[in-house]
Amino acid sequence: MASFLIEGGHPLSGTITPQGAKNEALEVICATLLTADEVVIRNIPDIRDVNNLILLLKDIGVKVDRRGRNEYAFRADDLDLGFLGSDEFVRKCSALRGSVLLIGPLLARFGKAVIATPGGDKIGRRRLDTHFLGFKALGAEFRHIEDRNVYEIGADRLKGCYMLLDEASVTGTANIIMAAVFARGTTTIYNAACEPYIQQLCHMLNRMGASISGIASNLLTIVGTDGLHGTVHDILPDMIEVGSFIGMAAMAGNGVRIKDVSLRNLGIIPEAFRRLGIKMGIEGDDIVIPKQSHYQIESFIDGTIMTLADAPWPGLTPDLLSVLIVVATQARGSVLFHQKMFESRLFFVDKLIDMGAQIILCDPHRAVVVGHDHHRRLRAGRMASPDIRAGIALLIAAMSACGTSRIDNIEQIDRGYEDIEVRLNNLGARIERIS
Ligand SMILES: CC(=O)N[C@H]1[C@@H](OP(=O)(O)OP(=O)(O)OC[C@H]2O[C@@H](n3ccc(=O)[nH]c3=O)[C@H](O)[C@@H]2O)O[C@H](CO)[C@@H](O)[C@@H]1O
Ligand SMILES: C=C(OP(=O)(O)O)C(=O)O
């Protein structure tokens, strides 16, 4: 288990460029299974979760050619589907959430897939009902194999239909879209998730010959086709990394430029930070965050304490609440955070409380932060990273704190942030990786 030692109090300044989006990468890499042609994907982040998924594709027989640090060519023309029956497959799936995204394309192209319990952040129950219901609606059948604790799923040829999803699940929607591209007839998905990750997947599939309309809305129409061909796809900047950098610059920055953020795909993320009082400038497609001596949390128009809550896109992504909480600890004013989607994502605030933050954890879903207005700095601490986003939030807290902190279990951070200590040290941070 590796750790970071962080000497707090060194202001960050300069320019940082976000990596490609993790969650989009997981989807579009799995979509390469839908054709025997070559698919080139650029701007793939060099992070643990994505690298593990690429290894999994190689195990299934996909030819993978790395053409640069962040560019790969994939060719799924001769697969070993027998690997899906191995214990090794089940073990590897349990290492990352993205493994669940193999099911849709395998089912669509080969008529069978195996569902092993996926990994990912331990942030509360993470059910797969939406995926199951979608595949079932398309005509797939499930068989539970008790001794291996997997489901085998099969279908001769999926059949398009209308479906109303029980919730706007991100990976669920991606999976159903990938299954539906080869279904007979037309599939209509209502209450579809519409994050930029999903939009990008749909654009890529259309370039490969699919017919998907309604992109960016929660009503998607997919007209089935018999085959798809190769394409070249560019992954968007990671909006969660952009948000993390805004938080970092606000807490520990002395003038930071976040370059090429793809502003129009950030939705209300910048606004959420503005509501905490963070001032930022927009220059072209860059976000510039000046030093924030004081920042004032807004109230609602009727004067009541503001709530920041997560919601399906275009609402505020749950993946940034942890960072927003850290930023609020030094604001002027109070704010209630309501994490509606996940049950165990707020428990890390205990560590911020140990560092001197004023936070009341009301219940597993809600926390009130009373900002210090920079009258009191957080103090260094020793902590372990419970999940990827709590990990980056604690790293931000440690960079702004007085003294040297230690964060253990940084493999969690490595799941989603490329070379994070190198990039932050280039801005003036003092972070050392120890193993
Ligand atoms: C690999 C990947 O892409 N992971 C992302 C994906 O996970 P993932 O696709 O696994 O998450 P889902 O969208 O399925 O659901 C996330 C959680 O929110 C709940 N839920 C979802 C929709 C809804 O309308 N109401 C509701 O309460 C679900 O029950 C679940 O507990 O989306 C999550 C929600 O944005 C993000 O945190 C993850 O980073
Ligand atoms: C929850 C996350 O990831 P995953 O779904 O891969 O666990 C995340 O990226 O914040």
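**Close-up 1. Buried residues of helix α6 in the predicted model.** Buried here means 20 or more other C-beta atoms within 10 Å of the residue's own, with C-beta atoms placed from the backbone. That makes α6 mostly covered, with 10 of its 11 residues buried. Because this is a predicted model, local features need pLDDT of at least 70 and side-chain atom pairs count only at pLDDT 80 or more, while totals for chains, interfaces and linings use all residues. Residues are numbered from 1 along each chain as its sequence is written, and chains are lettered from A and ligands numbered from 1 in the order in which they are written.

**Close-up 2. The shell around ligand 1.** Here 17 residues surround ligand 1, the closest being Asn 23, Ser 169, Val 170, Thr 171 and Met 341; a residue counts if its C-beta atom, placed from the backbone, lies within 6 Å.

**Close-up 3. The largest nonpolar core.** This core has 144 residues, and Ile 177, Val 181, Leu 324, Val 327 and Ile 396 have the most contacts inside it. Such a core is a set of buried Ala, Val, Leu, Ile, Met, Phe, Trp, Tyr and Cys residues joined through C-beta atoms within 7 Å. Domain 1 (3–19 + 237–434) and domain 2 (22–234) both give residues to this core, so it lies between them; the domain bounds come from an automatic or database domain assignment.

Note on methods. Buried ≥ 20, exposed ≤ 12 C-beta atoms within 10 Å, placed from the backbone. Helix = DSSP H or I, 4+ residues; strand = E, 2+ residues; numbered from the N terminus.
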